[in-house]
Amino acid sequence: MPAYIEFLGLPGTGKTHVYRRLSRELAALKLPFNSVEARAFAVSLRSEHSALRARLLALIPRKYIFPLLRQPPSTLAGRKFDAFQKFSTLHRDFSEAIFEAEGSRISPIRNGDIYLLGMMMEIIWSHQMALDNPGYLKFLLRDEGFSQRAISLYGYHTDPLDHLERNARAYFSTMPLPDAVVVTTTSSLDIAKARLEKRGYPYRMRMLTADGREKAFVRMGRIVEIGTEVLRQRGGRIVEIENDDAGDIDRSLRAFVAELAAR
């Protein structure tokens with residue numbers, strides 16, 4: 001089974017940049033790996049099936065949907081459905097934390113939010129399919145893995161902070177544990193904000209007022225702290241990379257790549 005590596009960080013901390021740099025370092029050493037980048041993955045998904053169709057196939061029982069589409073379960077869509085079902089069985093607690101509300105815990109996917117729902121469906125079935133068919137891979141990298149998805153699920157809600165803590169802890173305590181999580185940071189939040197001002201804010205953050213963005217940054221920062229703490233307590237390898245300049249990244253990545261090459 002390949003070592004599974006995820007990334008976690010606030011918007012503007014250079015998570016995707018570090019992810020691509022690590023991919024190049026592994027390629028230079030000819031270490032067999034597969035990297036799944038969110039943007040490329042979304043394009044791939046659209047070329048195979050429409051996003052809506054893929055989500056329906058994962059959500060609606062096959063005895064209704066497959067006869068309707070006249071598409072047997074052996075196709076790619078069927079394999080995605082099977083992978084989702086297998087994951088849900090193997091990670092029942094995590095699935096409940098995501099898709100169900102219980103007591104004071106609130107499901108992060110509310111009011112039938114098709115964007116968040118589809119986002120979680122994609123990562124679940126693709127994660128399971130990658131683990132079921134590792135081939136010759138030694139490493140599997142994902143820039144938008146389960147760790148980073150917590151930012152999208154909880155970072156934009158307006159629940160009280162004690163609810164955020166409870167829900168985020170439930171999420172990180174039950175999610176599939178990566179072999180390593182690369183946590184990107186900057187020495188100052190102003191650096192991350194300046195980068196976002198220059199390149200543009202993520203779509204959902206652009207929909208917020210300036211005050212709303214500040215509150216979202218606070219919540220996201222707390223999510224990163226909780227994720228780092230909980231995953232470390234569970235025995236996960238946390239690799240913190242301060243992404244202020246190229247020299248810092250080079251030194252941190254070299255040490256991590258040397259560690260990976262020795263596996």
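Helices here are DSSP runs of type H or I with at least four residues, strands are runs of type E with at least two, and both are numbered from the N terminus. By that rule, the secondary structure of the protein comes to 13 helices and five strands.

Good morning. Before the details, a word on the source. This is a predicted model, in which local features need pLDDT of at least 70 and side-chain atom pairs count only at pLDDT 80 or more, while totals for chains, interfaces and linings use all residues. Residues are numbered from 1 along each chain as its sequence is written, and side-chain values use heavy atoms, with hydrogens and water left out.

Let us begin with the whole chain. A residue is called buried under 20% relative accessible area, exposed over 50%, and partly exposed in between, using a 1.4 Å probe and protein chains only. Of the 263 residues, 49% count as buried. A contact means heavy atoms within 4.5 Å. Among contacts between residues at least 6 apart in sequence, 75% join residues at least 24 apart.

I turn now to helix H8, residues 146-154, and to helix H9, residues 161-174. Their axes are 11 Å apart and they pack at an angle of about 155 degrees. Axes are lines fitted to C-alpha atoms, for helices over the stretch in contact, and angles run from 0 to 180 degrees between N-to-C directions. The angle of this pair makes H8 roughly antiparallel to H9; the term applies over 145 degrees, whereas under 35 is roughly parallel, 65 to 115 roughly perpendicular and the rest oblique.

Which residues of H8 and H9 meet? From H8 come Phe 146, Ser 147, Arg 149, Ala 150, Leu 153 and Tyr 154, and from H9 come Leu 164, Asn 167, Tyr 171 and Phe 172. By class, this contact has seven nonpolar, two polar and one charged residues. Ala, Val, Leu, Ile, Met, Phe, Trp, Tyr, Cys and Pro count as nonpolar, Asp, Glu, Lys and Arg as charged, and the others, Gly among them, as polar.

H8 also packs with helix H12, residues 210-233, at about 145 degrees, with the axes 10 Å apart. This crossing is right-handed as well. Ser 147, Ala 150, Ile 151 and Tyr 154 in H8 meet Arg 219, Met 220, Ile 223, Val 224 and Leu 231 in H12. That contact divides into seven nonpolar residues, one polar and one charged.

Next, the aromatic rings. Rings of Phe, Tyr and Trp (its six-membered ring) pair if their centres lie within 6.5 Å; planes under 30 degrees apart are stacked, over 60 edge-to-face and the rest tilted. The structure holds seven such pairs. Phe 94 and Tyr 171 have ring centres 5.1 Å apart and planes at 65 degrees, so this pair is edge-to-face. It links distant parts of the chain, since Phe 94 lies in helix H6 (residues 92-99) and Tyr 171 in helix H9, 77 residues apart. Tyr 171 also pairs edge-to-face with Phe 172, at 5.4 Å centre to centre and 80 degrees between the planes. Tyr 171 is buried, with a relative accessible area of 0%, and Phe 172 is buried at 0% too. Ring pairs join Phe 87, Phe 94, Phe 146, Tyr 154, Tyr 171 and Phe 172 into a cluster.

Note on methods. A crossing is left-handed if the near helix is turned anticlockwise from the far one by less than a right angle, and right-handed if clockwise.
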